[in-house]
There are 2 protein chains.
Amino acid sequence: MVLCRVPRWSVGLWASPGWWRTTCTLRALVRPKRGPGCPGGASGPLACSMFSKVSSCTPEVMLTQERYPVQRLPFSVVSEEDLAAFERLVPGRVVTDPEELEVSNVDWLRTARGCSKVLLRPRTSEEVSRILRYCHERNLAVNPQGGNTGLVGGSVPVFDEIILSTALMNQVTSFNSVSGILTCQAGCVLEGLSRYVQERDFVMPLDLGAKGSCHIGGNVATNAGGLRFLRYGSLHGTVLGLEVVLADGTVLDCLTSLRKDNTGYDLKQLFIGSEGTLGVITAVSILCPPRPKAVNVAFLGCPGFAEVLQTFSTCRGMLGEILSAFEFMDAECMQLVQQHLHLASPVQESAFYLLVETSGSSTGHDAEKLGCFLEQVLGSGLVTDGTVATDESKAQALWALRERITEALSRDGYVYKYDVSLPVERLYDLVTDLRARLGSQARRVVGYGHLGDGNLHLNVTVDAFSAALLDTLEPYVYAWTAGQRGSVSAEHGLGFRKRDALRYSKPPPAVQLMQQLKALLDPKGILNPYKLLPTQA
Amino acid sequence: MVLCRVPRWSVGLWASPGWWRTTCTLRALVRPKRGPGCPGGASGPLACSMFSKVSSCTPEVMLTQERYPVQRLPFSVVSEEDLAAFERLVPGRVVTDPEELEVSNVDWLRTARGCSKVLLRPRTSEEVSRILRYCHERNLAVNPQGGNTGLVGGSVPVFDEIILSTALMNQVTSFNSVSGILTCQAGCVLEGLSRYVQERDFVMPLDLGAKGSCHIGGNVATNAGGLRFLRYGSLHGTVLGLEVVLADGTVLDCLTSLRKDNTGYDLKQLFIGSEGTLGVITAVSILCPPRPKAVNVAFLGCPGFAEVLQTFSTCRGMLGEILSAFEFMDAECMQLVQQHLHLASPVQESAFYLLVETSGSSTGHDAEKLGCFLEQVLGSGLVTDGTVATDESKAQALWALRERITEALSRDGYVYKYDVSLPVERLYDLVTDLRARLGSQARRVVGYGHLGDGNLHLNVTVDAFSAALLDTLEPYVYAWTAGQRGSVSAEHGLGFRKRDALRYSKPPPAVQLMQQLKALLDPKGILNPYKLLPTQA
């Protein structure tokens, strides 16, 4: 094994846009090509079927209303008069073409599909305000949509909700090069913002595989976690201000660009992670950390999960402030990327693999720290094999092994996806447990994720969707997680698909308070209905 | 000038309790000695005067109800039956002795004084729940109180509110030595927690001058900022879970110990910074960063504010991830600590002084980074003189110059205190502007604070309190701040004294939403009344 170290300047996470293949691959997934399909929606309620003649769909994505037991709420149905009114509010930016709508009606996992007949593209918060005021008065449901990269069916309509796209709200308002505070509209694409602040020697405090498509407003609305969470923490800490349009059209201006502000309740926090159900985020102010001068990536093999945990503790102690990622994947994950994507493992076969990234301000210091750490973990047997990126393509290849697992999974069959937070010591027990429980019912049960954040991505692959297996998995996975006081959704949110799992992570008084907040902020329930909050009995 | 570097391990911020003189001094201020005083409260409303015979006070602290135009709201008055009921709820922990109550009725700045007749000392959240359920039913107002170290009159009663002290809720529940997640009761003193986690090689993510007295529950309730904010960020990011008792006694258990949890609205955020007006925080789960192995302190002289800003930018670039504090003070501040505390300046006379602290994982690396930075700023003339701590006592002495300004100010006369957030470029303009505006009306107009956070502490000293000068200062300072989209309270909160300044930092729809949230969570308004929200017209 050769240990070499190079700075990852302009590599991978900090790369210029389009450079990194993994990102490109994911972007391709985000907007899957769709050919003209069969007419759909005929079996839906009146609201969905009224335009069914002009609707088109990709056959394999069932309408959400058909796949799941969900009842349309008594919202109004969009009329010709409504369309005319929208045309007056956002002239030339009212989309009713079924082909164009299709992309926004289906989520990127291709497991949820709405049948909205209209998508609006406002450019300003004032336009959003006028739209919502109108919809509120008319009792029309609205599905706010950013880059439509969500994983829980939260970003697409369930029935015929009006899609309110932030795509044209894509202007940077200001950037302070002393404080690193960026203010921009909600529809700015994360990758574009990354590039913008990197040119000014800062980085965005969050990074995601979907950065080529996702909008910063959507990131905030879903409290996105991602790859820099370990280092820069939650959006609850890095988002400094928000402008939000409430359900009735009121513009709530909490768009301060200040690190500290203790004047009254921190209202913006309510909207971070509210998944568009309490208001539509129209602008964001966010604190960007200085751009690291040196980035290193190491890929390591570990003989067992106990050693993974010990390596993490050692790593935190020895790499300290320069540690920026500590990701893990199990042997099954490695087999998946080898089998489906033909990626080669850079280290000998192991039970677990770790990806450790450092980001710091000194190439020499960081290399020295990383070297000492590697010497320690290799010497003590915690790690049995390892490699460090020697050039840009190797750094890229190391990250790809971890980042392309999602893609490899999707090629393995139908995937049941779970994203849980657990106490780190118990993190992998759920995988082992489930593997034993499912036996030959599953093709694979794999675990990977952000170990440093206690965040496990648990995936089960099978030949094809089976309701029986779903019953075996749920609520078992949720109950197991609840037994450890874990979270049934660490970073993906609840959206449409997981909303009824909420009670596994939150007690009844908390759920009740959430419902009260929803009723206070959106009394008619028009904002992103059927999402986040559990089905009312 | 001699540049030497030593690790600040076990020095200053990371010191064992009681070691650091500054902390001790502040602690002494927190609990000023009070002799038996005159009877007071006779001129208050019935609720306050009913026990006036047994009440005692220190003459110079006027009753809040007498100093300010405030009307008692129609809460019930504590009766003998109530006292008997409390005795059943928290046996032996119902304080009615006037001497004992005095300490909790007066704030530590000695500018606000309530006339509560009873203080309760629950030990558990269940006891808090029973107390609040009782008070809610009886319409009795409650003033939650931690260490009573607040600076805006938020931690003491305005009239006769029942004081609910968290002092006996002081147990650590758990600490995870892999993740660094601490869970404890709300009444744990910050310094005790710091010691506890330091023994386990972690540090608390916040540090304050008042750490010897302040409670973690109070820190969270007021969203305390302090000295480590620049490095570890806001409590909105580091607090992972809260247990809160609502006004009606409902226990809201959001006490998860997870870094990531996207299941529904992040309810705990509502209570961070709500100053006890929405619920009583009874337990906290918080993420502690690993303890730095090396700490260095530099004290520098700068010729002008433009140079201060450029030094900050240079510092962020060159010290990067090890920068843990960037504090500034003006020449008047230095004169104050020299005159009143007989501290000596370690550098030649300058227009501005900076305190730069680094905290990192490598003594050698950190010293090298700091050395390069100092070479750069001295060489370029941004900094004209500087010194670095050569031993523990020097590190202590450097921090004392910055931390003891508050104490020096209080010896200079009556102090009008402001704590504002501003864009860093305009931070000092407010001081210059006000100095010109006040002319000889003020003894001194001084500025210092957490430059790295855009947080200015603006203080005006005069011989004695003058209502006319107050009118010159307010709303001028607030309007000036609002003109820059700043915050009229960066970290101190609004409490009683600043609640009517809220509108300078938040627009009417935001204030209205805050009032709606208060009405939702505390419909009778019994929790910390007269605080945070503006006086209702």
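This is a predicted model: local features need pLDDT of at least 70, side-chain atom pairs count only at pLDDT 80 or more; totals for chains, interfaces and linings use all residues.

Arg138(B) is partly exposed, with a relative accessible area of 28%, whereas its salt-bridge partner Asp82(B) is buried at a relative accessible area of 1%. The closest N and O atoms of Asp82(B) and Arg138(B) are 2.6 Å apart; because Asp82(B) lies in helix H4 (residues 80-89) of chain B and Arg138(B) in helix H6 (residues 125-138) of chain B, the pair ties together parts that are 56 residues apart in sequence.

Over all chains the structure holds 44 salt bridges, among them one of 3.2 Å, N to O, between the side chains of Lys506(B) and Asp261(A). This pair joins two chains, because Lys506(B) lies in the loop between H19 and helix H20 (508-521) of chain B, and Asp261(A) in the loop between strand S8 (251-254) and helix H11 (268-271) of chain A. Both Lys506(B) and Asp261(A) are buried. A network of salt bridges links Arg259(A), Lys260(A), Asp453(B) and Glu491(B).

Helix H19 (residues 476-483) of chain B has Val477(B), Tyr478(B), Trp480(B) and Thr481(B) as buried residues. Seen down the axis of H19(B), the buried residues fall within an arc of 160°, so they line one face of the helix. Their cover includes strand S14 (414-421), helix H17 (429-438), strand S16 (455-462) and helix H18 (467-473) of chain B. Just after H19(B), Arg485(B) adopts a positive phi of about 55°.

Terms used: Residues are numbered from 1 along each chain as its sequence is written. Chains are lettered from A and ligands numbered from 1 in the order in which they are written. Side-chain values use heavy atoms; hydrogens and water are left out. Buried means under 20% relative accessible area, exposed over 50%, partly exposed in between (1.4 Å probe, protein chains only). Helices (H or I, at least four residues) and strands (E, at least two) are DSSP runs, numbered from the N terminus. The arc is that of the directions from the helix axis to the C-beta atoms. Contact means heavy atoms within 4.5 Å. A salt bridge is a side-chain nitrogen of Lys or Arg within 4 Å of a carboxyl oxygen of Asp or Glu.
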